[in-house]
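Here is a briefing to read beside the model. Keep the sequence and the 3D view open as you go.

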Amino acid sequence: MTPGVTVDPTRDRTPQPPVPAARERTGAAGDPRLEGLPTRNGAVLSWVRDTARLTQPDEVVWCDGSQAEFDRLTALMVRSGTLVPLNPEKRPGSFLARSAPGDVARVESRTFIASRRREDAGPTNNWREPEALREELAGVFAGSMRGRTMYVVPFSMGPVGGPFSRLGVQITDSPYVVASMRTMTRMGSRALAAITPGTPFVPAVHSVGFPLVDAIGRSREDVPWPCNDLKYVAHFPETREIFSFGSGYGGNALLGKKCFALRIASAMAREEGWLAEHMLLVKVTSPEQEVFHLAAAFPSACGKTNLAMLRPTLPGWRVETIGDDIAWMHPGPDGRLRALNPEAGFFGVAPGTGWSTNSAAMEMLREDVIFTNVALTDDGDVWWEGMTDEPPAHLTDWQGRDWTPDCGRPAAHPNARFTVSAKRCPSIAEEIDAPDGVPVDAILFGGRRAGNVPLVAEALDWGQGVFMGATVSSERTAAAEGAVGELRHDPFAMLPFTGYHMGDYFAHWLSMRDRVAAAGLPRVYSVNWFRRGGDGRLLWPGFGENSRVVEWICRRLEGTAGARHTPLGNVPADGALDLDGLDLAEQDVAELFALDPAAWLAEVDHLEEYFARFGARLPDEITGHLALLRYRLSAGQAV
Ligand code: OXD
Ligand code: MN
């Protein structure tokens, strides 16, 4: 299938711009002249021209991904007030951006999946009829870039030219997005050169929706963080296209990330027999120099970056980082499931990241970082809750207001972020650039659960593992809109990121059993670092101590660690989890694995109700696992 060549017929009905479009290099009125343009790919050129005709920018700039281009853009944003340069002695090469207060997180309520049939988007997505949505989008994008520059940003998800890599081109009117895409993807001339005529690419159109000139030519001043109250994050998985309007923030605007690498890629993966997942990826080396690769799915802001950059407290163990958010997993020619991180940088949650919780991340953030919505110190550095135990006496908060520790407001927004190249990470594994990825030995599913879910449990087989993924739920965090703390089902941590029907997604996961040799299938585990005791205290110290759970998993893979059966899967046998040197009461250890059948039976009831939403598309095997769990809980049986 060749995406990106479709010219939306609704665009032709849009009134032609009163101002000349696409001056720079593209000739008058967006008419492409081939000489001087960095590509001769007609599909790219006509799509760029059509988008320029619709959005009516003052000029079009083709991005090459160079340092000089990045420096030009950051200088421009410093002049416009979008970026505050940080003190070069404290934080070299780094900047602070403050977003508009209404543009601080992913907007799930305005995230759309447009498939011809409503049932193909399923009950967990906001469905739109594709032609109606195209028409609506043509309306909002018409003239949306007036007075601005339109940037054309070619990028590759995965190393350019790799067998599992995919290409995209984002059009955007936000220089912040261009600079961030350069960090987060392989962006620029090499990616564009790889999009030869006929090569599929995902076209992604983005506008902050704040034109500087209106339809009758009146101008207005720009603002440091332009955006629009009306937002769309729209996906067309069948034609593999993305449109995003009204937000300049994170996953709404850096379209290679959630939009392409998860929502569109999950639909591609289903068609083509692979998996696009919301997972971190690490390489673990044991004291005996055995290497294991683990992929782990957690809902947003549940400590993925911390696990991805784990510094084990157990002597002799080493964890290297391959990815912190997304893994693409393909059946490899070696009969294994091979995973790659399609991104090239980290867009991590800053609050909660500190020297005592994630020292690798703190080292990574020493230079060349764009921070968004963190607080500014009086000496031109950054601060956020959790960075140090003692807050500074005075700060400028994420909205530019004076802040003191007793003012009753957080200094950084809870979803404040850093954007930094993976190359800056001290624990980065060289395999981040391996075009064919790494073989996956184990997959972990986790959530933020105060009760019920044990510290770790091992699935007996792939089917039970898929059931574990399907039953993930987690207390809500600040990464998306909604009430923080409320429990929500988040199957495979993919609830906001699956580009098609969730029931079909479960079935696709089950089908991987037929695509990967039995011996090559990863083992599956559920983990929960967030269990609380009856008194509300977190029972597990987490962070570096999670290496103890990682050790047990690796020893299970080797076949040397003991386990005992429970209705939820295998948990460590007495003494099999190394707790040496941890000041953990026996009672707390028991509570970490406690299984209250009544509470679990209530959870099974909730799951049954939740799964009923998927109707006939829920695989029988999932229903079977739920029934089996109910039976084992009521019969007081082990697995
Ligand atoms: C993220 C998210 O930004 O999951 O990674 O929300
Ligand atoms: Mn994420």
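How do the residues of the shell around ligand 1 divide into nonpolar, polar and charged? They divide into two nonpolar, two polar and four charged. Here Ala, Val, Leu, Ile, Met, Phe, Trp, Tyr, Cys and Pro count as nonpolar, Asp, Glu, Lys and Arg as charged, and the others, Gly among them, as polar.

This is a predicted model, in which local features need pLDDT of at least 70 and side-chain atom pairs count only at pLDDT 80 or more, while totals for chains, interfaces and linings use all residues. Residues are numbered from 1 along each chain as its sequence is written, chains are lettered from A and ligands numbered from 1 in the order in which they are written, and side-chain values use heavy atoms, with hydrogens and water left out.

**Ligand 1**

- Eight residues surround ligand 1 (a residue is near if one of its heavy atoms lies within 4 Å).
- The closest are Arg106, Lys258, His278, Ser300 and Arg417.
- Ser300 has a polar side-chain atom 2.5 Å from an oxygen atom of ligand 1.
- For His278, a polar side-chain atom lies 3.2 Å from an oxygen atom of the ligand.
- Asp325 has a side-chain N or O atom 3.3 Å from an oxygen atom of ligand 1.
- Taken alone, ligand 1 exposes 210 Å², and the protein buries 93% of that (areas by the Shrake-Rupley method with a 1.4 Å probe).

**Cysteines**

- The whole structure holds zero disulfides (a disulfide is a pair of cysteine sulfur atoms within 2.5 Å).
- Cys63 is in no disulfide; its nearest cysteine sulfur, that of Cys259, is 18 Å away.
- Cys63 is buried, with a relative accessible area of 4%. Buried means under 20% relative accessible area, exposed over 50%, and partly exposed in between (1.4 Å probe, protein chains only).

- Strands (E, at least two residues) are DSSP runs, numbered from the N terminus. Two strands pair if DSSP finds at least two bridges between them.
- Strand S11 covers residues 241-245, and five of its five residues are buried.
- Glu241, Phe243 and Phe245 point one way from S11, while Ile242 and Ser244 point the other way.
- Strand S9 (residues 202-207) pairs with S11 in the parallel sense over four bridges. Ser207 has Phe245 as its bridge partner in S11.
- Strand S10 (residues 232-236) runs antiparallel to S11, joined by five bridges. Val233 has Ser244 as its bridge partner in S11.
- Four residues lie between the strands in the hairpin of S10 and S11, where Arg240 takes a positive phi near 55 degrees.

**Two open sheets**

- One open sheet has four antiparallel strands in the order S21-S20-S22-S23. Strands S21 (382-383) and S23 (402-403) are at its edges, each pairing on one side only.
- S20 (residues 375-377) and S22 (residues 395-396) pair over two bridges. Thr377 has Leu395 as its bridge partner in S22.
- Another open sheet has four antiparallel strands in the order S12-S16-S17-S25. Strands S12 (275-277) and S25 (438-439) each have a single partner strand, so one side of each is left without a neighbour in the sheet.
- S12 pairs with S16 (residues 327-331) over three bridges. Ala276 stands opposite Trp328 in S16.

Definitions and conventions: A polar contact is a pair of N or O atoms within 3.5 Å; within protein, one must be able to donate a hydrogen and the other to accept it, and residues adjacent in sequence count only if both atoms are side-chain atoms.
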